[in-house]
Amino acid sequence: TETTDKEKKPPLNGRRAIPLNNSNDEENEVPEMEGFGLIPRGFNPKDYLRVVDIHMFKEPHEINKQQHHTDKYYNPKLIVRRGQSFQIQIDFNRPYRPETDQFWLEYLIGRYPQQNKGTYIPVLVRDVLKPGEWGAKITHKENNSIRLSIMSSATCIIGKFRLYVAVWTPFGILRTHRNSATDTYILFNPWCQQDAVYLDDEREKEEYVLNDVGIVFHGNINDIKSRSWSYGQFEENILDACLFLMDKAELELSGRGNPIKICRVASAVINSRDDNGVIAGSWDNTYTYGVPPSAWTGSVDILLEYYSSKQPVRYGQCWVFAGVFNTFLRCLGIPARLITNYSSAHDNNANLQLDFFLDDEGKLDTKLTKDSVWNYHCWNEAWMTRPDLPVGFGGWQVVDGTPQETSDGMYRCGPASVQAIKHGHVCFQFDAPFVYAEVNSDIVYLKRAKNGTQVIENIDTTHIGQLIVTKEIGRDGMMEITEEYKFKEGSDEERLALETAVMYGVKKHTLQDTSYQPQADVEMEFQVQKAVLGSDFKVIITFRNKSHNSYTATTYLSGNIVFYTGVTKNEFKKHSFSAKLEPYSSSDFDVVIKSSEYLSDLLDQASFHFFVTARINETGKILALQKATVLEIPALRIKTQGAMVADKEMSVIVEFTNPLKQTLENVTLRLEGPGVLRTMKKEFRQIPTNSTLIWEVKCIPNRPGLRKLIASLNCDALRHVYGELNVQIQKP
């Protein structure tokens with residue numbers, strides 16, 4: 001026996017008595033008979049109280065899952081939320097006698113359970129249950145059975161626990177043998193006042209914890225687009241996949257009751273940079289050996305592929321990271337929502353200033369310009385208390401899984417208190433200065449003078465973070481939350497928040513030390529006509545001369561095809577003209593953009609970025625503006641046929657007409673709908689111009705209620721084509 005004992009022991013490590021306990025998957029062996037010293041020959045365990053069976057009441061329609069709001073999880077085991085009581089029944093071999101019989105429950109998690117770490121939990125039978133503390137109480141006795149009400153701690157570790165029943169005998173402890181059917185998942189509880197994620201509003205819990213579909217807002221500030229995303233947090237194996245992410249991040253089990261720690265490690269493991277996390281990002285429009293980010297319709301496929309392959313799934317961009325992160329948070333019971341910030345600053349030196357360098361002609365110098373404005377950027381907010389910060393900074397916290405900059409040496413971001421960002425208190429962890437810059441930077445247009453100094457030509461203080469939105473509660477519309485992040489532009493409070501942020505170390509150049517005087521008496525603005533992909537459109541530039549002088553303005557328009565991150569791929573339109581500005585009058589100038597100029601180079605989000613710079617010849621001053629615009633992309637149509645009843649077959653039909661003047665090749669369609677059908681894929685070799693494709697799918701919905709079908713179409717020439725349909729599935 002000596003050799004086997006040695007093999008079982010973990011390798012010695014001079015620093016710790018036992019190794020790190022950071023996997024929910026691993027288990028230890030628990031002795032079924034734990035003797036107290038010598039056991040007499042006549043001892044027969046059968047003489048004592050023995051457990052015959054344990055009933056967990058774990059069906060979706062039974063009391064536990066109903067009361068704990070976990071009935072939607074497609075998982076056969078018991079799932080409860082912490083800090084709230086649940087019921088089990090134990091059948092013994094004879095009636096239970098409280099005077100002489102003594103038993104207790106043991107919940108264990110991980111491979112090296114320890115009581116002081118919360119990974120080994122003995123639960124004793126008491127007369128009274130204290131709210132938010134571990135305990136068990138007998139509520140009912142009948143024949144050989146007892147019914148127990150069990151209360152878990154409101155700070156309990158989140159994960160999958162193993163259950164044993166232990167019976168005391170004079171000679172040792174008798175335990176039930178390992179039975180995976182009694183495994184119990186314990187999740188966060190937004191319904192429990194003592195839980196760090198407690199949320200009081202019932203409608204908010206319905207939306208931010210229990211809704212398994214959501215809306216992603218994209219496009220840009222002048223042309224907001226939306227699409228549905230299937231979070232699917234209740235689908236089969238998703239809960240296990242989410243727990244696996246914490247194992248992957250090597251978060252110690254004892255830290256898994258803390259939503260702050262969970263969010264921080266998850267924001268790193270959602271992206272594949274530096275830890276082989278869930279999704280590999282790609283922003284360069286080439287998606288070889290992977291799925292283009294715009295093709296995904298939800299999180300389930302991504303999480304399940306990662307759970308089985310353990311390798312990063314290709315490819316994602318910000319809304320994909322945010323969509324998967326939202327699934328993770330809602331699945332574990334942390335209230336979460338997906339946020340879009342329009343005109344989001346990616347300021348790579350955190351000086352609250354995006355430096356755009358212009359050359360002598362007033363064109364953007366792409367070599368010198370390192371900062372970029374993303375048309376939009378998606379992140380998440382998670383709801384929790386922040387006992388690590390002063391009072392008042394709990395509530396919504398920004399967490400961001402998109403790899404932009406490193407934080408403490410890893411690509412991660414958050415949790416950062418939204419309230420702290422609004423008031424400029426960016427000294428509070430984690431990563432508040434970066435988020436503050438994303439919503440508050442100024443755009444500064446600079447020019448290199450001959451002697452190498454930088455001259456400020458123009459400053460735009462209102463372009464960044466103009467609109468911050470999320471999905472409405474209970475409806476599919478848009479809810480603006482800009483005011484949660486910042487005070488009104490130009491208000492005293494806004495200046496004060498900025499000064500506070502600067503005081504706490506956010507670098508900001510002051511304008512006093514530069515000789516910057518803008519041209520005050522001429523205003524310039526421009527409008528881009530709404531346009532459908534494949535058609536011509538106009539850019540209209542307007543000057544207002546508010547002085548009694550006549551001016552001439554040398555005007556330069558540059559049209560660029562950009563990634564939605566604001567990084568230019570190429571300039572497809574250059575146009576210069578001289579504009580005469582009469583005193584006290586306004587004048588419009590049109591520039592026509594032809595489809596032949598842009599179609600060959602278009603990227604997947606059909607995004608353009610226009611720069612207009614004008615030099616007033618008489619004063620030498622420069623006016624500069626920039627705007628992003630997105631083309632209208634045709635939608636997919638979804639229809640259903642047949643009765644829509646749970647457990648009965650129905651048909652879903654997806655249609656699409658090719659609007660381009662070219663044949664679409666190698667087209668992939670995807671269709672999914674939580675509770676109605678698993679993700680389906682179909683490839684089409686070609687769709688000629690103006691022809692319509694029709695795809696019919698048969699499915700058997702398994703959940704009644706209002707469900708959503710989501711479809712996407714993808715090929716090299718056309719991406720970001722979506723369709724959706726709400727369907728009411730009747731009870732059988």
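Predicted model: local features only at pLDDT ≥ 70, side-chain atom pairs only at ≥ 80, totals over all residues.
In strand β11, the bridge partner of K160 is Y185, and the two strands concerned, β9 (residues 159-169) and β11 (residues 184-187), are joined by three bridges and run antiparallel. When I say strand or helix, I mean DSSP runs numbered from the N terminus, E of at least two residues for strands and H or I of at least four for helices, and I say that two strands pair if DSSP finds at least two bridges between them. Residues are numbered from 1 along each chain as its sequence is written, and side-chain values use heavy atoms, with hydrogens and water left out.

Staying with β11, four bridges join it to strand β3 (residues 78-81), and here the two run parallel, with L78 standing opposite T184. In a regular strand the side chains alternate between the two faces of the sheet. Both faces of β11 are covered, since T184 and I186 on one side and Y185 and L187 on the other are all buried, where buried means under 20% relative accessible area, exposed over 50%, and partly exposed in between, with a 1.4 Å probe and protein chains only.

Let me turn to the sheet that contains β16. It is an open sheet of six strands in the order β22-β19-β18-β16-β25-β26, with antiparallel pairing, and its edge strands, each pairing on one side only, are β22 (416-417) and β26 (478-480). Within this sheet, β16 (residues 336-346) and β25 (residues 467-471) pair in the antiparallel sense over three bridges, and N341 has I468 of β25 as its bridge partner.

Which residues does I339 touch, if we set aside those up to four places away in sequence? I339 touches H377, C378, W379, N380, E381, I468, V469, T470, I481 and Y485, where contact means heavy atoms within 4.5 Å. This residue sits in strand β16 and is buried, with a relative accessible area of 0%. The C-alpha atoms of I339 and T470 are separated by 4.9 Å, although the two residues are 131 residues apart along the chain.

Now the helices. Helix α7 (residues 318-332) lies across β16, β18 (372-384) and β19 (395-399), running at about 5 degrees to β18; axes here are lines fitted to C-alpha atoms, for helices over the stretch in contact, and angles run from 0 to 180 degrees between N-to-C directions. Two packed helices are described by the angle between their axes and the distance between the axes. For α4 (residues 238-248) and α7, the axes come within 10 Å and cross at roughly 105 degrees. The two helices are therefore roughly perpendicular to each other, on a scale where angles under 35 degrees count as roughly parallel, over 145 as roughly antiparallel, 65 to 115 as roughly perpendicular and the rest as oblique. On the α4 side the contact is made by I238, L239, C242, L243, L245 and M246, and on the α7 side by T327, F328, C331 and L332.

Helix α9 (residues 432-440) is mostly covered, with eight of its nine residues buried, among them F434, Y436 and E438.

Some backbone details deserve a careful look. Most residues other than glycine have a negative phi, and most peptide bonds are trans. The peptide bond from R314 to Y315 is cis, with omega near 5 degrees, and Y315 lies in strand β15 (residues 313-316). The bond from G414 to P415 is also cis, with omega near 0 degrees, and P415 is found in the loop between β21 (410-411) and β22.

H720, with a phi of about 60 degrees, is in strand β40 (residues 718-729) and is buried, with a relative accessible area of 6%.

Finally, the domains. The chain is divided into domain 1 (33-187), domain 2 (211-504), domain 3 (522-630) and domain 4 (637-729), with bounds that come from an automatic or database domain assignment. The C-alpha centres of domain 3 and domain 4 lie 39 Å apart, and five residues of domain 3 are in contact with five residues of domain 4.
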